[in-house]
Amino acid sequence: MEGFRLEEYLSRGTQRIVNEILKASIDNPKQSIFMLQYAGAARAAEKLRRKAEEEGEHIPPFLIASIARECNLHCKGCYARANESCPGECGQGTQDLKAVQLSREQWGDIFRQARELGIGFILLAGGEPFTRRDILEEAGKHRQILFPVFTNGTMLDTYFLKLLTDCRNLIPILSIEGNQGTTDERRGRGVYQRIMDSMEELMKRKLMFGASVTVTKKNLKEVTSDSFLEGLCQRGCRAVIFVEYVPADGNSYHLAPDEEDRTFMEKRLEKLREERDGMIYISFPGDEKSSGGCLAAGRGFFHINAAGEAEPCPFSPYSDTSLLNTTLREALKSPLFMRLKEEGILDGEHTGGCVLFGQENKVQALL
């Protein structure tokens, strides 16, 4: 894209997110105080990234870290189970799962390196991240980093509610597919009510939280409707992250949003941002044309799986570099990441929610 400056685009994006969280927490004094402090850390992180950019090194502002392989649910179409990063049936093979996961100390070192590089946001995923109490405790100590925790919302017990109260940099993002029928159909009977119960507990304690919605052709209109979003808002939700469905199971391409659906989503989000003050609306991957292509492979973020391997993104689970024997800075220069950029694969057209998933054979060939 002629004249496109990636660092400026990303910096504007991170500033907007911080400002919107500040705005959304205006009626929550404890969260507002923390966010004001974090805003200072975010500015310092931006300076580090700008300095690196001037010296010819690009540092993304985001990371995605899958800290757990275990999950207590077995949702339809789950990408983590499809690519075997969350293998087996629920509750099976727990010891094997623990054997291939990074320790608290190893994740703590990665978080430290991220802070020193100027990475200010680390999205924690799984599996189910609340199965790794030790990692969440460690993340809570790194107050200069904001950790949105993508959870199914069924494990928020008294201990975790206290942890979230004490560590305001941990922001739970509860996964929901729409209303009760739609959510239970994909996630299991009774899950919707458990999510509602968790939202009630979070609101009672005035803890900031958001919702993550996997958008398919089937639920697009439902999850962008005024009634659904108003329901979330009334329960205390202050952010909604819309994630385009990626048919990782290879059998559900008919559910993936197409270009017409993305156009509808883009226009709908513009309207929501204008009309619904106090709520944050984020779309992932969003309009990749406006960001000069896919932001994976270190352009805007990359993914670290539970075993410490650096991958372009969760939907492209391929790696030639491990954080077990290299630094975070060196991982950003992974040969795979470099070739994805140099060969223009991140700029490709796609159907099915994700540029890299749509070109899976090309990504594999680079290995």
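Let's start at Thr224, which touches Leu229, Phe242, Phe264, Met265 and Arg268 once residues up to four places away in sequence are set aside; contact here means heavy atoms within 4.5 Å. The model is a predicted one, in which local features need pLDDT of at least 70, side-chain atom pairs count only at pLDDT 80 or more, and totals for chains, interfaces and linings use all residues. Residues are numbered from 1 along each chain as its sequence is written, and side-chain values use heavy atoms, with hydrogens and water left out.

**The chain as a whole**

- The protein chain has 16 helices and ten strands; these are DSSP runs numbered from the N terminus, with helices (H or I) of at least four residues and strands (E) of at least two.
- Of its 367 residues, 55% count as buried, where buried means under 20% relative accessible area, exposed over 50%, and partly exposed in between (1.4 Å probe, protein chains only).
- Among contacts in the protein chain with a separation of 6 or more, 72% are between residues 24 or more positions apart.

**Around Thr224**

- Thr224 sits in the loop between helix H10 (220-223) and helix H11 (226-234).
- Its relative accessibility is 2%, so Thr224 counts as buried.
- Leu272 is 48 residues from Thr224 along the chain, and their C-alpha atoms are separated by 8.9 Å.

- Strand E5 (residues 210-215) is mostly covered, with six of its six residues buried.
- In a regular strand the side chains alternate between the two faces of the sheet.
- In E5, Gly210, Ser212 and Thr214 point one way while Ala211, Val213 and Val215 point the other way, and all are buried.
- Strand E4 (residues 170-175) runs parallel to E5 and is joined to it by three bridges; two strands pair if DSSP finds at least two bridges between them.
- Leu174 has Ala211 of E5 as its bridge partner.
- Strand E6 (residues 239-244) also runs parallel to E5, with five bridges joining the two.
- Val213 has Phe242 of E6 as its bridge partner, and Phe242 is also one of the residues that Thr224 touches.

**Helices H6 and H7**

- Two packed helices are described by the angle between their axes and the distance between the axes.
- Helix H6 (residues 133-141) packs with helix H7 (residues 158-166) at an angle of about 15°, their axes being 10 Å apart; axes are lines fitted to C-alpha atoms, for helices over the stretch in contact, and angles run from 0 to 180 degrees between N-to-C directions.
- H6 is therefore roughly parallel to H7, on a scale where angles under 35 degrees count as roughly parallel, over 145 as roughly antiparallel, 65 to 115 as roughly perpendicular and the rest as oblique.
- The contact brings together Arg133, Leu136 and Glu137 of H6 with Tyr159, Phe160 and Leu163 of H7.
- By class, the contact of H6 with H7 has four nonpolar, no polar and two charged residues; Ala, Val, Leu, Ile, Met, Phe, Trp, Tyr, Cys and Pro count as nonpolar, Asp, Glu, Lys and Arg as charged, and the others, Gly among them, as polar.

**Helices H8 and H9**

- Helix H8 (residues 180-187) and H9 cross at roughly 115°, and their axes come within 7 Å.
- H8 and H9 are therefore roughly perpendicular to each other.
- Gln180, Thr183, Asp184 and Arg187 of H8 meet Val191, Tyr192 and Ile195 of H9.
- The residues of this contact of H8 with H9 divide into three nonpolar, two polar and two charged.
- Thr183, Asp184, Arg186 and Arg187 are the buried residues of H8, and they pack against E4, H9 and E5.
- Gly188, which follows H8, has a positive phi near 120°.

**Backbone points to look at**

- Most residues other than glycine have a negative phi, and most peptide bonds are trans.
- Gly126 and Gly127 are joined by a cis peptide bond, with omega about 5°, and Gly127 is in the loop between strand E2 (121-125) and H6.
- Lys206 is not a glycine, although its phi is positive at about 55°; Lys206 lies in the loop between helix H9 (191-204) and E5 and is exposed, with a relative accessible area of 54%.
- Ala297 also has a positive phi, near 60°, and lies in the loop between strand E7 (280-284) and strand E8 (303-304).
- Ala297 counts as buried, at 0% relative accessibility.
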